Amino acid sequence: MTLNLRGAFAIFRNELMRMFRTAFGSILAPVITTSLYLVVFGAAIGGRMALPGGVSYANFIVPGLLMLTLLTESTSNASFGIYMPKFTGAIYELLSAPVGVAETLIGFVGAAAVKSLILAAVILGTAAVIVDYQIVHPVLAFFYILLVAASFSLLGFIIGLWANGFEKLQIIPLLVLMPLTFLGGTFYSISDLAEPWRTVALFNPVVYLVNGLRWTFLGTSDFPIGLSLGATMAFLLVCVGVIGWIFKSGWRLRE
């Protein structure tokens, strides 16, 4: 079976254009929020904190803040993108069109991932104005950001299929991902935690994501980069498997 690239590109283009039609909510709002975090935590609090290796606190939190935005925005963009066709009834046209699961994922998930990459670039550019940071492993950092964006766009796609109301679209990004990210070492190293909280933190999957990105920026983190990459790849494969099952069984597609 050959891919219907024209159909996939049509979905991709439509979803990408939606981001530019809502530029304030899609780009400016996350950038403003991240800038405020950098100013408040990096400038006001960072001068009082000492980190090993001579790393400034502002440099330390840049990867964590970027991961915070990546997780929430990738999930929200993909979930809203696939939920709207369900809400308007256009999902029936999509299901009857000559596009399969692969083309659908390329269109919706690909667009959500590209939005996240654009947003990541804008945030890093904004952070460079405030913080004099460096990326020790830029190629690996790009690959890791792409991997995280794709993984959580897939998660958002699943949430969009699962949700039967607008309020459910926000449950996981706001009530699950946001707290896990704040408690996952965004603003601190878990090695600084006292027991039993250090052990509890090890069960937070976002800890490994934040530390993986932090390693690509600083060259050091609380965990080996291989562990973070493996965990992210495993999560991506699980999401692909769940989506394949959804399209095969038809669960929630016509509700």
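Me: Where does Leu227 sit?
Reply: Leu227 is part of helix H11. Keep in mind that this is a predicted model.

Me: Is Leu227 buried, partly exposed or exposed, and why?
Reply: Leu227 has a relative accessibility of 42%, so it counts as partly exposed. The cut-offs behind that are under 20% for buried and over 50% for exposed.

Me: How far is Leu227 from Gly212?
Reply: Along the sequence they are 15 residues apart, and in space their C-alpha atoms are 8.1 Å apart.

Me: Tell me about H11 itself. How many residues does it have, and what does it reach from end to end?
Reply: Helix H11 covers residues 225-249, which is 25 residues. From its first C-alpha to its last it reaches 36 Å, close to the 36 Å expected at 1.5 Å a residue.

Me: Which residues of H11 are buried?
Reply: They are Ile225, Ser228, Leu229, Thr232, Leu236, Cys239, Ile243, Ile246 and Phe247.

Me: And which helices do those buried residues pack against?
Reply: The buried residues of H11 pack against H4 (91-96), H5, H6 and H10.

Me: What comes just after H11?
Reply: Gly250 does, and it takes a positive phi of about 80°.

Me: Let's pick one residue there. Why does Ile243 count as buried?
Reply: Ile243 is in helix H11, and it counts as buried because its relative accessible area is 0%.

Me: What does Ile243 touch?
Reply: Setting aside residues up to four places away in sequence, Ile243 touches Val101, Leu105, Leu154, Phe157 and Ile158. Ile243 and Ile158 are 85 residues apart in sequence, while their C-alpha atoms are 6.6 Å apart in space.

Me: What span does H10 reach?
Reply: H10 reaches 20 Å from first C-alpha to last, close to the 20 Å expected at 1.5 Å a residue.

Me: What happens at the start of H10, and what follows H10?
Reply: At the start, a side-chain oxygen of Asn204 comes to within 3.0 Å of the backbone nitrogen of Val206. After H10 comes Gly219, with a positive phi near 85°.

Me: Changing topic to aromatics. How many aromatic pairs are there?
Reply: A search of the whole structure turns up 14 aromatic pairs. One of them is Tyr133 with Phe217: the ring centres are 6.2 Å apart and the planes are at 35°, so this pair is tilted.

Me: Which parts does that pair tie together?
Reply: Tyr133 is in the loop between helix H5 (101-130) and helix H6 (138-162), and Phe217 is in helix H10 (residues 205-218), so the pair ties together parts that are 84 residues apart in sequence.

Me: Are Tyr133 and Phe217 buried or exposed?
Reply: Tyr133 is buried, and Phe217 is buried too.

Me: Which residues form an aromatic cluster?
Reply: Tyr37, Phe182 and Phe187 form one. Another ring to look at is that of Phe60, where Arg214 lies over the face at 3.7 Å from the ring centre.

Me: What about Thr75, where is it and why does it count as buried?
Reply: Thr75 belongs to helix H3 (residues 57-88). Its relative accessibility is 0%, so Thr75 counts as buried.

Me: What does the side chain of Thr75 reach?
Reply: It reaches the backbone oxygen of Phe152, at 3.5 Å. Beyond its neighbours within four places in sequence, Thr75 has contacts that include Phe152, Leu155, Ile159 and Pro173.

Me: Where is there a cis peptide bond?
Reply: A cis peptide bond joins Glu195 and Pro196, with omega about 5°. Pro196 is in the loop between helix H8 (171-182) and helix H9 (197-201).

Me: Last one. Which residues does UniProt list as "transmembrane region"?
Reply: The unreviewed UniProt entry lists 20-45, 51-71, 117-135, 142-163, 169-188 and 223-247. In the model, residues 117-135 are 74% helix and 0% strand, with end C-alpha atoms 16 Å apart. Residues 169-188 are 65% helix and 0% strand, and their end C-alpha atoms lie 29 Å apart.

Methods. Residues numbered from 1 in each chain as written. Predicted model: local features only at pLDDT ≥ 70, side-chain atom pairs only at ≥ 80, totals over all residues. Heavy atoms only, no water. Helix = DSSP H or I, 4+ residues; strand = E, 2+ residues; numbered from the N terminus. Buried < 20%, exposed > 50% of the residue type's maximum accessible area, 1.4 Å probe, protein only. Polar contact = N/O pair within 3.5 Å; in protein donor to acceptor, adjacent residues only side chain to side chain. Contact = heavy atoms within 4.5 Å. Phe/Tyr/Trp six-rings, centres within 6.5 Å; stacked < 30°, edge-to-face > 60°. Lys NZ or Arg CZ within 6 Å of the ring centre and 35° of its normal. Expected span 1.5 Å × (residues − 1). UniProt positions renumbered as here; feature names shortened; annotations may be inferred.
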